[in-house]
Amino acid sequence: DSREINVGVAFYPMKDILLLIQDDLKAEGYDLKIHEFTDYQTPNNLVKNEELDAKMIQHDYFLQSFNEANDASLVTVQPIYHATFALYSKDFATVEEIPDKTAITLPDDATNLSRALYLLDQAGLITLKEGKVTGLTLEDIESNPKDLKLDDQVPLTSLAQRYVETGMAIMYPTYAKSLELQGDEERLYVEMQDDVTSGYAISLAAREDNENSDKIKALVKHLMSDKVR
């Protein structure tokens, strides 16, 4: 149906954002259908196979790795939501206070592990080899003056639970929600925005063949409204 817009989402607050603009799109004659998933691969495949028009589940780096692995041509249409990525600590108030040989729990998937290492470099806790900013692994660490232990790596969904035991972790507020922290409580260092980190904005993505369609344009217009902001 040319008046139906089918969009895939996977985590807070994407569904809430779409619910906010559902009536606005209806006023323009579009029926916005929201499809929820618990993984990121399925909606990508459904967009690729033209079963969904678009999805809002990932940033551009993840999208490019999906394209390469699946011979797909999905495109980032509009960055929407820049999730706060931060080093959390139960015991320390400044980066300087972190003792030598402290263990920091990191996400275990390649993209977020790379982002976590970049954050540690921004915070001055490690330095990375010259010139590499994405696709980072522990092998790309040039120096680690505090001899931090960085091999405790768990899935994003397990980070908050693990943090309760370890007291130091890099994670997103979405996953820290279960800890019931107030505001930026326990955030020791927050990722700074630059050319590299701006590529991590959760974005609306579609296909090359529909990114300029009236449907997608209408969706983008309402996603960029003050109400959504």
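Let's start at E50. Leaving aside neighbours within four places in sequence, E50 is in contact with R207 and D209. This is a predicted model, so keep that in mind throughout. E50 sits in the loop between α2, residues 41-48, and β3, residues 54-58. Buried or exposed? E50 is exposed, with a relative accessible area of 55%. Its backbone deserves a look as well. E50 has a positive phi of about 65°, and it is not a glycine. For a sense of distance, take E142. That residue is 92 residues from E50 along the chain, and the two C-alpha atoms are separated by 44 Å.

You will find E186 in the loop between α6 and β11. E186 is partly exposed, at a relative accessible area of 25%.

One more backbone feature. Which peptide bond is cis? The one from Y12 to P13, with omega near 5°. P13 belongs to the loop between β1, residues 4-9, and α1, residues 14-27. As background, most residues other than glycine have a negative phi, and most peptide bonds are trans.

Now step back to the whole chain. The protein has seven helices and 12 strands. Along the principal axes, the C-alpha atoms fill a box of roughly 60 × 40 × 25 Å. Count contacts with a separation of 6 or more, and 72% of them join residues 24 or more positions apart.

On to surface and charge. The accessible surface comes to about 11,300 Å², and carbon and sulfur atoms own 46% of that. There are 22 positive and 42 negative side chains. The centres of those two sets lie 4 Å apart.

Next, the interior. Of the 229 residues, 45% count as buried. The largest nonpolar core has 39 residues. Which of them touch the most other members? L87, I104, L106, L117, L120, L150 and I170. Several elements give two or more residues to this core: β5 (86-89), α4 (110-122), α5 (159-166), β10 (168-171), α6 (173-176) and β11 (187-190). Helix α4 gives the most, with six residues. There is also a second, separate core of 22 residues, including V9, I17, I21 and I216. In general, nonpolar side chains in soluble globular proteins tend to be buried together.

Look closely at L117. Setting aside residues up to four places away in sequence, L117 touches L106, I126, L128, L136, T137, L138, I141 and L150.

S114 lies in helix α4. S114 is buried, with a relative accessible area of 2%. What does S114 meet beyond four places in sequence? V133, T134, G135, L136 and Y200.

Last stop, N67, in helix α3, residues 60-70. N67 is buried, at a relative accessible area of 10%. Not counting residues up to four places away, N67 touches A72, S73 and L74. N44 is 23 residues from N67 along the chain, and their C-alpha atoms are separated by 9.2 Å.

Conventions. Residues numbered from 1 in each chain as written. Predicted model: local features only at pLDDT ≥ 70, side-chain atom pairs only at ≥ 80, totals over all residues. Heavy atoms only, no water. Helix = DSSP H or I, 4+ residues; strand = E, 2+ residues; numbered from the N terminus. Buried < 20%, exposed > 50% of the residue type's maximum accessible area, 1.4 Å probe, protein only. Contact = heavy atoms within 4.5 Å. Areas by Shrake-Rupley, 256 points an atom, 1.4 Å probe, with all protein chains shown as cover. Lys, Arg positive; Asp, Glu negative; His and termini not counted. Charge placed at Lys NZ, Arg CZ, Asp CG, Glu CD. Core = buried A, V, L, I, M, F, W, Y, C linked by side-chain atoms within 4.5 Å.
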